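Let's take a walk through a protein model together. Keep the picture in view as you read, and find each part as we come to it.

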Amino acid sequence: MPKGMSLDEAYATQQQLVELISDGPTAGLKAGMTAPGPQKLFGLTHPLIGSLYSWGRLESGTEFPSRPGVSLECEIGLIVDENGIPTSAGPVIEVPFLSWGNPEDAKGANVAAINVGADRYIVGAFGPLRDDYDSLSVKLTRNGEPVCEASLADALGGPPHALEWMLAEASHRQRSISEGMLLITGACGGIHPAEPGHYIADYGLLGSIEFSVS
């Protein structure tokens, strides 16, 4: 990674990276580094935004291999129109990939430059956006054993607040919004290594996502 990269330089690099890796228009946007702990670890004081690749979309029931740097995040996704108005919402498991050749490269600007680790994401069933997610939670299990349990308002105060931040940041970073885009709003319950096993993410009233890691 380049030394001393500014955040503006990092986002310019991110845009070039996305253009190289994407197989067409981006599928949407992701909020990353939404919790104070990871922000502090990477020397940040705010979240980051990245782009989702169309080829990264997976459906419930999928299976993929484990490898170092592959993680799991329980999130809520929003489908928006060209004005950023949400038309539906539902559960998403993000499967980011973040691995450093040199541990000293683990810095906030570098995370932005590599598109906030965007890779794959598993999309569940979507329905209407709720006004309040405070009373809802997600429980992720692996082979029946708990991995995490968290409120769906865990990331940036919940999906409606996260959407407001994402749209403002997308405008600031010159990321366009188009009809049918998916916006995933940040990890609820932290980031977890994708260890081999069968997983169920139970979102209660919102349904569930099942997948396996080999």
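What follows goes from a sheet to the cysteines, then to the pockets and a few loop residues.

This is a predicted model, so to speak of local features we need a pLDDT of at least 70, and side-chain atom pairs count only at pLDDT 80 or more, while totals for chains, interfaces and linings use all residues. Residues are numbered from 1 along each chain as its sequence is written, and side-chain values use heavy atoms, with hydrogens and water left out.

Let's begin with the sheet. Helices (H or I, at least four residues) and strands (E, at least two) are DSSP runs, numbered from the N terminus. Strands of a sheet pair through backbone hydrogen bonds, either parallel or antiparallel. Here, two strands are said to pair if DSSP finds at least two bridges between them. Five strands form an open sheet in the order β4-β13-β12-β8-β9, and their pairing is mixed. β4 (63-64) and β9 (145-151) are at the edges with a single partner strand each, so one side of each has no neighbour in the sheet.

Strand β8 (residues 137-142) runs antiparallel to strand β12 (residues 197-202), and four bridges join them. Across this pair, Leu140 stands opposite Ala201, and Lys139 stands opposite Asp202. β12 also pairs with strand β13 (residues 208-213), again in the antiparallel sense, over six bridges. Five residues lie between the strands in the hairpin of β12 and β13, where Gly204 takes a positive phi near 65°.

Next come the cysteines. A disulfide is a covalent bond between the sulfur atoms of two cysteines. The rule used here asks for a pair of cysteine sulfur atoms within 2.5 Å. How many disulfides does this rule give? The count comes to zero. Cys148 is in no disulfide, and the nearest cysteine sulfur, in Cys74, is 4.3 Å away. Cys148 is also buried, at 9% relative accessibility. The sulfur of Cys188 has its closest cysteine sulfur in Cys74 too, at 7.5 Å, which is too far for a bond. Cys188 is buried as well, with a relative accessible area of 2%.

Now for the pockets. On a 1 Å grid over the protein atoms alone, a pocket is an open set of points with protein on both sides within 12 Å along at least five of seven lines, and its lining residues have an atom within 4 Å of a point. Grid points are joined across faces, edges and corners, and a volume is the space filled by probe spheres set on the points. The largest pocket holds about 480 Å³ of space. Its lining has 27 residues, with Met33, Pro38, Glu73, Leu98 and Ile191 nearest the centre. β1 (28-32), α2 (36-41) and β5 (71-80) are the elements that each give two or more residues to this lining.

The second largest pocket has a volume of about 200 Å³. It is lined by 14 residues, and those closest to its centre are Gln15, Val18, Thr26, Ser51 and Ser176. Helix α1 (residues 7-21) gives the largest share of this lining, three residues.

Finally, visit some loops. Arg173 lies in the loop between α4 (159-172) and β10 (181-184), and Gln174 lies in that loop too. Are these residues buried or exposed? Arg173 is buried, with a relative accessible area of 13%, whereas Gln174 is exposed, at 70%. Leaving aside neighbours within four places in sequence, Arg173 is in contact (heavy atoms within 4.5 Å) with Leu7, Asp8, Tyr11 and Ile49.

Most residues other than glycine have a negative phi. Gln174 has a positive phi of about 60° although it is not a glycine. Asn143, also not a glycine, has a positive phi of about 50°, and its place is in the loop between β8 and β9.

Notes. Buried < 20%, exposed > 50% of the residue type's maximum accessible area, 1.4 Å probe, protein only. 1 Å grid on protein atoms, 1.4 Å probe; cavity = no way out; pocket = protein on both sides within 12 Å on 5 of 7 lines; lining within 4 Å.
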